[in-house]
Amino acid sequence: MVSVTRVHSLEDVLESKNAKLWLQGEGLNENTVNVIDAAMQWLLQQPKQEELLSPVDKDHTRQGLLIVEILLELHMDDESLVAALLYPYFESQSHDNKAKEKLKKQFGKKILDLLNAVSKMASMSLLSSRIKHSAEQAENIRRMLTAMVEDVRAVVLKLAQQIVFLREIKKSDEETRVLAAKETQNIYAPLANRLGIGQLKWELEDYAFRYLQPEVYKSIAKSLEEKRTERQQYLEDFVEDLAERLNQANIDAKVYGRPKHIYSIFKKMQKKNYEFSQLFDIRAVRVVTDKLPDCYSALGVIHTSWRHIPSEFDDYVATPKPNGYQSIHTVVIGPNGKPIEIQIRTDEMHDDAELGVAAHWQYKEGALPTKSGKGSGYEDKIAWLRKLLQWQEEMADTGDFAEELRNQVVEDRVYVFTPQGDVVDLPNGSTPLDFAYYIHTNIGHRCIGAKVFNRIVPFTYQLKTGDQIEIITSKEPNPKRDWLNPNLDYIHSSRARAKVHAWFKQQDKDKNLIEGKHLLEQELSRLNIEWQHADVAVERFNMNSLDDLLAAIGGGDVRLNQVTNFIQTQLREETPPEIDPRLIQKPRKQKKYQNGVVLQGVGNLMNHLAGCCNPIPGDEIAGYITQGRGVVIHRSDCEQFKIVMEEHSERYIEATWAEQYSGGYIAQLRIIANDRSGLIRDVTSILANEKINVLGMTTESDVQKQIATMGLKLEVYNIGAFNRVISKISQLDELIEVKRI
């Protein structure tokens with residue numbers, strides 16, 4: 001094959017507006033080269049909306065090419081590469097339906113669907129310690145899972161885009177770097193690990209570590225650099241020696257020094273409480289063979305040639321890691337007494353470790369086999385994603401779902417066997433009941449006992465990897481309420497707990513229906529609302545009938561005050577409340593104002609009328625604060641006033657004629673709302689924006705009913721402002737009533 005001169009940088013690609021030489025240098029087939037180049041040519045012709053873009057996204061094409069560069073190393077398919085190139089442009093046009101239609105027309109529905117899936121993945125940034133407190137955050141995670149299940153390529157594309165983003169913010173402010181690093185550490189790096197994509201995982205972890213602990217990162221990087229030349233020469237000599245020994249043993253293998261990632265060094269230092277100089281795997285070598293038997297043959301050659309450290313030996317081929325990683329790890333004492341870590345694996349294991357799910361690519365239920373003729377690794381990962389999606393539909397409590405998601409993505413797993421030998425993947429800490437409900441809901445309901453390796457165990461037994469479990473069942477379902485008690489440790493997973501809760505809820509439906517009807521009738525009667533209006537809440541709470549809503553109220557799944565609040569909002573008139581002027585207290589004695597002008601309601605400040613526009617009572621006016629001459633009063637439409645405001649907008653002051661000014665009125669409001677965080681802040685923000693003085697405030701909270709009552713004593717200057725305040729407060733979330741008293 002004739003070699004092709006490669007374009008040296010992406011800047012060269014952009015300057016030449018030709019991606020072909022660069023792509024051909026990557027060894028891609030002609031069709032792939034043409035498809036990507038055509039997409040780039042289309043992209044270069046699109047107008048940019050600079051005002052909508054962040055500094056790192058000013059050039060759509062450059063950003064897209066950087067993502068493509070990463071995906072090329074993962075051997076992604078043509079659609080993924082085109083979607084990667086288009087994604088920055090697509091994200092900038094996310095609210096423009098016409099732009100989406102243009103993309104669909106040019107590249108087809110599959111590309112648009114993939115772009116939409118990647119965009120949904122952006123909402124993953126909400127996985128944090130706060131997630132259990134926010135239903136909105138849990139909903140965003142649901143959308144993430146939907147995107148992942150529809151097309152897992154979206155996950156890989158989003159991980160690559162996150163790496164590009166991390167590279168681009170090196171010189172951004174600290175807050176931007178830290179937020180991106182935390183997001184990466186909590187979400188993207190665990191996902192890359194879970195999908196087995198080591199090639200992306202290491203870079204994500206290193207960038208997150210670099211931005212979160214810059215001093216420690218620099219210290220380790222400096223230590224690595226100080227003896228880099230010496231270490232490199234040492235490794236080259238060792239690699240040459242090892243390759244020769246393997247060749248003499250007729251073992252066909254590739255031997256090379258492997259890069260050591262800074263974050264992995266830091267983790268090893270923390271885990272073993274080592275100093276940098278004590279680490280074994282700063283010097284690291286990898287041996288890659290064609291066949292599995294050659295791995296163990298190579299291990300034999302290595303252990304007979306150099307003394308190994310038994311405590312540092314791990315066989316992940318016989319016992320793979322939870323994400324499917326396989327390799328043999330050993331540490332030997334090399335020349336001059338220096339420890340060297342050696343990893344031994346086959347080509348297929350290496351592809352799996354570096355590329356993960358991308359190593360044996362297939363589409364959903366399609367069958368594109370791996371080198372071994374199997375696609376089980378990919379299918380297992382997709383099955384895991386689908387399980388999560390199914391579980392979230394069974395859980396009414398978003399906090400439970402968020403907790404389950406954290407368990408699935410971040411926490412350790414246990415792998416147990418059914419009596420037939422099938423492997424079941426469960427969260428660490430799972431019990432026999434969790435296993436039973438995983439197999440089937442009815443198995444869980446009818447479970448009366450469990451055996452592990454034919455030995456009866458209690459329901460509180462925590463399953464261990466390798467356990468073989470048999471569930472003992474009765475003829476009829478008979479769950480126990482004690483199973484729901486978290487202090488008894490019968491059930492660990494939220495999935496199983498939700499199924500038990502659903503069973504009891506169904507059993508108690510008739511009783512809950514009667515109780516719910518009684519509660520709602522009583523509350524509507526207290527609020528002088530007729531029973532016939534209860535139907536309006538059925539659709540709002542996603543119920544099929546009023547009976548279902550009443551049963552949900554009686555069972556505690558829907559809060560009574562939420563239902564009554566919604567009914568009240570539907571019956572409340574949309575027009576702003578009328579304020580009877582006779583109810584407002586008499587104004588204080590009117591002051592005399594210089595030139596008959598009141599400035600921002602604060603009193604008799606020195607002022608004079610502008611000679612350029614000569615305002616007279618009745619004109620709309622405004623003030624300009626001078627230096628040493630008081631306030632100059634202009635007509636609001638005065639051209640001279642507009643000019644000075646463009647240069648000195650901070651000197652503007654509201655002004656009105658005294659005859660139009662009603663100052664010093666005292667009015668009182670009563671506000672009743674669902675007790676929620678931020679209520680007082682929202683109310684006071686409205687008052688501040690309307691420049692209403694607060695003379696007094698009282699608040700009371702009914703913990704049982706979750707209702708807050710606020711009393712406000714206000715000083716208002718005119719009826720219009722007071723009406724605006726009432727109208728804006730009445731639009732706040734969770735508000736029940738706002739009333740003049």
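Okay, so a salt bridge here is a side-chain nitrogen of Lys or Arg within 4 Å of a carboxyl oxygen of Asp or Glu. Keep that cut-off in mind, and remember we're looking at a predicted model.

Take Glu639 and Lys642. Their closest N and O atoms are 3.9 Å apart, so the pair counts as a salt bridge, given the 4 Å limit. Where do these two sit? Both are in helix H26, which covers residues 639–647, and being three residues apart they're separated by about one helical turn. Glu639 is exposed, at 55% relative accessible area, while Lys642 is partly exposed at 39%.

Now, how many salt bridges does that rule give? The count comes to 13. One of them pairs Arg167 with Glu203, with 2.8 Å between the closest N and O atoms. Arg167 belongs to helix H9 (residues 153–168) and Glu203 to helix H11 (residues 198–212), so this pair ties together parts that are 36 residues apart in sequence. Both ends are partly exposed: Arg167 has a relative accessible area of 26%, and Glu203 has 22%.

Then there's Arg681 with Asp682, where the closest N and O atoms are 3.3 Å apart. Arg681 is exposed, at 53% relative accessibility. And if you like networks, have a look at Asp77, Glu79 and Arg153, which are linked by salt bridges.

What about disulfides? Searching the whole structure turns up zero.

How values were computed: Residues are numbered from 1 along each chain as its sequence is written. This is a predicted model: local features need pLDDT of at least 70, side-chain atom pairs count only at pLDDT 80 or more; totals for chains, interfaces and linings use all residues. Side-chain values use heavy atoms; hydrogens and water are left out. A disulfide is a pair of cysteine sulfur atoms within 2.5 Å. Helices (H or I, at least four residues) and strands (E, at least two) are DSSP runs, numbered from the N terminus. Buried means under 20% relative accessible area, exposed over 50%, partly exposed in between (1.4 Å probe, protein chains only).
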